[in-house]
Amino acid sequence: MTELEKMLSGALYRPGDPELAAMRARAQDLMRRYNSTIVGEAEARDPILAELFGALGPGSAVRAPVYVDYGCHIEIGADCFFNFGCVMLDVCPIRIGDNVQVGPNVQLLAADHPRDAESRDAGLENGRPVTIGRNVWIGAAALILPGVTVGDDAIVGAGAVVTHDVPAGARVAGNPARVLPAR
């Protein structure tokens, strides 16, 4: 199994692998180019995003700057909006449904590290996929941690640290994020 295959499966992998390093360098170049553009430069911006992400649905907008590890493992649905400063660490797939609204400085983190000291000392890393359902609103500076699924129609409050799955239609807030009572 290649290091890329290990990484995408959530197994321990070596991030210094030449193929992975080349993929990150490609993403860094695309981010640098995209992040130097401004709103209104669609002719320059759209092709860069199309090359950076694995999928970008029609009507979706991503404000610069945006930061990724690889980009190509991120699938964004239709009519989504990402505000300034979003970080998406896509060592495993990050899938985002249609009509998702993402506030500034949100972090979607599929990247993780082993819990045992020996694996960390050996320079190994791992990850778990992140899935965001459809019609989700993620407030400013929220953190969605590795392996989390946020269900359809959910709301994640600003500054929330989401460590567990969020049920469809739920509202969560806090650190760690907890489901809030229905209004």
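The accessible surface of the protein chain comes to about 8,900 Å², and carbon and sulfur atoms hold 54% of that (areas are from the Shrake-Rupley method with a 1.4 Å probe, and for residues only the protein chains shown count as cover). Keep in mind that this is a predicted model, where local features need pLDDT of at least 70, side-chain atom pairs count only at pLDDT 80 or more, and totals for chains, interfaces and linings use all residues. Residues are numbered from 1 along each chain as its sequence is written, and side-chain values use heavy atoms, with hydrogens and water left out.

**Overall build**

- The protein chain has four helices and 19 strands (DSSP runs numbered from the N terminus: helices are H or I with at least four residues, strands are E with at least two).
- Its radius of gyration is 16 Å, close to the 16 Å from the globule rule for 183 residues, so the chain is as compact as a globular protein of that length (the radius is taken over C-alpha atoms, and the rule is 2.2 Å times the number of residues to the power 0.38).
- Along its principal axes, the C-alpha trace spans about 50 × 45 × 20 Å.
- Of the 183 residues, 44% count as buried (buried is under 20% relative accessible area, exposed is over 50%, and partly exposed is in between, with a 1.4 Å probe and protein chains only).
- Take the contacts between residues at least 6 apart in sequence: 28% of them join residues at least 24 apart (a contact means heavy atoms within 4.5 Å).

**Charges**

- There are 16 positive and 22 negative side chains, and the centres of the two sets lie 6 Å apart.
- For that count, Lys and Arg are positive, Asp and Glu are negative, and His and the chain ends are left out; each charge is placed at NZ of Lys, CZ of Arg, CG of Asp or CD of Glu.

**The annotated stretch**

- UniProt, in an unreviewed entry, puts the feature "domain: Maltose/galactoside acetyltransferase" at residues 4-58.
- In the model, residues 4-58 are 64% helix and 4% strand, and the end C-alpha atoms of the span lie 29 Å apart.

- Most residues other than glycine have a negative phi, and most peptide bonds are trans.
- A64 and P65 are joined by a cis peptide bond with omega about 5°, and P65 sits in the loop between strand 2 (61-62) and strand 3 (66-68).
- Another cis bond runs from N175 to P176, with omega near -5°; P176 is in the loop between strand 18 (171-173) and strand 19 (178-179).
- A141 has a positive phi, near 60°, in the loop between strand 13 (137-138) and strand 14 (143-144), and is partly exposed at 39% relative accessible area.
- D153 has a positive phi too, near 65°; the residue is in the loop between strand 15 (149-150) and strand 16 (155-156) and is partly exposed at 41%.

**Two buried loop residues**

- Y70, in the loop between strand 3 and strand 4 (74-76), is buried at 2% relative accessibility.
- Leaving out residues up to four places away in sequence, Y70 touches M7, L20, M23, R24, R26, A27, L52, D90 and V91.
- Y70 and L20 are 50 residues apart in sequence, with their C-alpha atoms 8.5 Å apart.
- P15 lies in the loop between helix 1 (3-9) and helix 2 (18-35) and counts as buried at 18%.
- With residues up to four places away left out, P15 touches L20, A21, R24, G123 and E125.

How values were computed: UniProt positions renumbered as here; feature names shortened; annotations may be inferred.
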